Amino acid sequence: MLRNREIQILLLLMGTISLAGTVLAASFALNTAIVTLITAALLIGCCFGFTYWRYREIQKLSGYLRQISSGDYSLDVRDNQEGELSILKNDIYKMTLRLSEQSSLLQQDKIKLTHAISDISHQLRTPLTSMTVMADLLSEPELPMEKRREFTSNIRTQLERIGWLVASLLKFSKIDAGTVQFKKEAIFVKHLVQKALEPVLIPMDIKEQTIAVEGEDGVRFTGDLNWTSEAVLNILKNCVEHTPSGGRIAISFAENVLFTEIIIADSGKGIPKEDLPHIFKRFYKGKNASEDSVGIGLALAQSIITSQNGDIEVKSAAGKGTQFHIKFYKQVV
């Protein structure tokens, strides 16, 4: 403590003032000088003792900070007393709690990342293994031409699946990282539905499914047309996949003072009750999922919608089809 230049200057000033006061008092009376000297000595001692105590408290706080920086968030330095040091201790404790929460979140993110990498590895391994086997078979000179065409078609299908999976994962990573700049423009829902329907019209025609769209032309909301059409398309793909041949898909939309709602309903076999809480989780595959399902389309749709001040929920019952309710809430100015 005595090596601290500020404390050295303080002691020097107090000693000088005390000595000057003692000399001045001695010019009046010896007893007055003695009393003045003793009083000055006591004051300097008290000041020194108080400064030493504060110095020790600051050293303790410095030690606490070193422990916190090393990852020990179990320290409780709260102090309910008044004073600057108490305020500082309470602030350090609050910061410790925040760091502890952030550390916990980072640990959870690491676990999620590990699981995601494992899931991605599994999703890629299956088609790659299949293509490797078919590529080996294609190298056989005596393989019939019909089988060659079949294997070539299967390889192309698996490559398309891998391409879609990689593209979807890249979109997920951009959204999670917060690097996607969603546009805020007026989107007419009728135009959005038309754009999202185009890629699924051929699969619907093959399965002889019908589509019904109901809503006023002026219904709109604020968002990003391309990203939102991607979300709606993934939902429509799910409906087409789980609706039998000759089934029906209905899209309705409306607007009120609070939100714009889009309802997409199918006449499929519905989602089992135990799967409903999990259908928006990444890589989750329910009981009725097809073998080619990756379990990422609905998760991506939810991520896009919720990133644009929206919400999505699903209602379903066995044998009664499924309804997806999408709401885009209006901005409050």
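View 1. Patches here are built from residues with over 30% relative accessible area and no salt bridge, and nonpolar side chains are joined within 5 Å. In this predicted model, Ile34, Ile38 and Leu42 make such a nonpolar patch, with an area of about 290 Å². Isoleucine 38 sits in helix α2, which covers residues 30-69.

**View 2. Helices α7 and α8 packed together.** Here we look at α7 (residues 225-242) and α8 (residues 297-306), whose axes lie 8 Å apart at an angle of about 150°. Their crossing is left-handed. On the α7 side, the residues in contact include Trp227, Ala231 and Ile235, while α8 brings Leu298, Ala301 and Ile305, among others. Sorted by class, this contact of α7 with α8 holds eight nonpolar, four polar and one charged residues.

**View 3. A salt bridge between lysine 147 and glutamate 150.** The closest N and O atoms of this pair are 3.5 Å apart. Why are lysine 147 and glutamate 150 separated by about one helical turn? Because the two are three residues apart in helix α4 (residues 145-177). Over the whole structure, a search finds four salt bridges.

How values were computed
Residues numbered from 1 in each chain as written. Predicted model: local features only at pLDDT ≥ 70, side-chain atom pairs only at ≥ 80, totals over all residues. Heavy atoms only, no water. Patch = residues over 30% accessible without salt bridge, like charges linked within 9 Å, V, L, I, M, F, W, Y side chains within 5 Å. Areas by Shrake-Rupley, 256 points an atom, 1.4 Å probe, with all protein chains shown as cover. Salt bridge = Lys/Arg side-chain N within 4 Å of Asp/Glu carboxyl O. Helix = DSSP H or I, 4+ residues; strand = E, 2+ residues; numbered from the N terminus. Axes fitted to C-alpha atoms, helices over the stretch in contact; angles between N-to-C directions. Left-handed = near helix turned anticlockwise from the far one by under 90°. Contact = heavy atoms within 4.5 Å. Nonpolar A, V, L, I, M, F, W, Y, C, P; charged D, E, K, R; others polar.
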